[in-house]
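Hello,

Here is the structure we talked about. Please have it open while you read; my notes follow below.

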Amino acid sequence: NISSTANLGVRLDLKKIALKCRNTEFNPRRFGAVIMRLRDPRATALIFASGKMCITGVKSAHNATLATKKFAYIVERVGFKPKDYLDFKVQNIVGTTDVGFPIRLEGLVYAHSTFASYEPELFPGLIYRMVSPRVVFLIFVSGKIVITGAKTETDLSQAFTKLYPVLLEYKKVHVASLPGLPSNATTTNAAAAPTAAAAATNDSQREMEEV
């Protein structure tokens, strides 16, 4: 998900825009902006009377630029001519991934206490702040990760490439197959079951011979 901003450079009549445009919402008592939606690319814009816009919901920087131009064109069709330079900026990129293995968060925060903080009583994820590129990771014990704070898609991929070897170091090797039971205990129980069954069969055979 990419959040970006733009400035149309012209004062807008939000009521007029809401009345003339499709796929819009405007309730000035609740929120002082028109909410406008696009289907292609799928995007949502908050359009303010000052001419400023916030665009969210797009999956790439290219689609964010394209959506901004489409919103500007729609506003122009209503009767508000935007300036040529829209001052478009990507403010934040949020990505999610799954490394595919559980992570020992306690070990990670102990070894990387300068960059990481982990308080499971308040929040189940570890917060890891990378300095370069300037990105924040939310790391969960399941291996799922949320990456936020990036300004470009390159920053997002570079940050994850740098962090991945660190996560591998703190990969959980032995995972319990049943909640509250160590994996070796379940194996022992499974192995003991046939032995107990065989012992019970031998006892019943002895009783039959005695009779």
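Which residues in the largest nonpolar core touch the most other members? They are Ile17, Phe71, Phe137, Ile139 and Leu167, out of 48 residues in that core. A nonpolar core here is a set of buried Ala, Val, Leu, Ile, Met, Phe, Trp, Tyr and Cys residues joined through side-chain atoms within 4.5 Å. Buried means under 20% relative accessible area, exposed means over 50%, and partly exposed is in between (1.4 Å probe, protein chains only). Helix H2 gives the most to this core, with 6 residues.

Two notes on the source. This is a predicted model, in which local features need pLDDT of at least 70 and side-chain atom pairs count only at pLDDT 80 or more, while totals for chains, interfaces and linings use all residues. Residues are numbered from 1 along each chain as its sequence is written, and side-chain values use heavy atoms, with hydrogens and water left out.

The sheet: 10 strands form an open sheet, in the order E2-E3-E4-E5-E1-E6-E10-E9-E8-E7, with antiparallel pairing. Strands E2 (24-25) and E7 (116-117) stand at the edges with a single partner strand each, so one side of each has no neighbour in the sheet. Helices (H or I, at least four residues) and strands (E, at least two) are DSSP runs numbered from the N terminus. Two strands pair if DSSP finds at least two bridges between them. Strands E8 (residues 126-130) and E9 (residues 135-139) are joined by 5 bridges. Leu126 has Ile139 in E9 as its bridge partner.

The helices: H2 (residues 61-78) lies across E1, E3, E4 and E5, at about 135 degrees to E5. H4 (residues 153-169) lies across E1, E6, E8, E9 and E10, at about 50 degrees to E9. Axes are lines fitted to C-alpha atoms, for helices over the stretch in contact (heavy atoms within 4.5 Å). Angles run from 0 to 180 degrees between N-to-C directions.

The rings: there are 6 aromatic pairs. Rings of Phe, Tyr and Trp (its six-membered ring) pair if their centres lie within 6.5 Å; planes under 30 degrees apart count as stacked, over 60 as edge-to-face and the rest as tilted. Tyr128 and Phe137 are edge-to-face, because their centres are 6.4 Å apart and their planes at 75 degrees. Phe137 is buried at 0% relative accessible area, and Tyr128 is buried at 6%. Phe160 and Tyr164 are tilted, with centres 5.8 Å apart and planes at 55 degrees. Both lie in H4, 4 residues apart.

Best wishes
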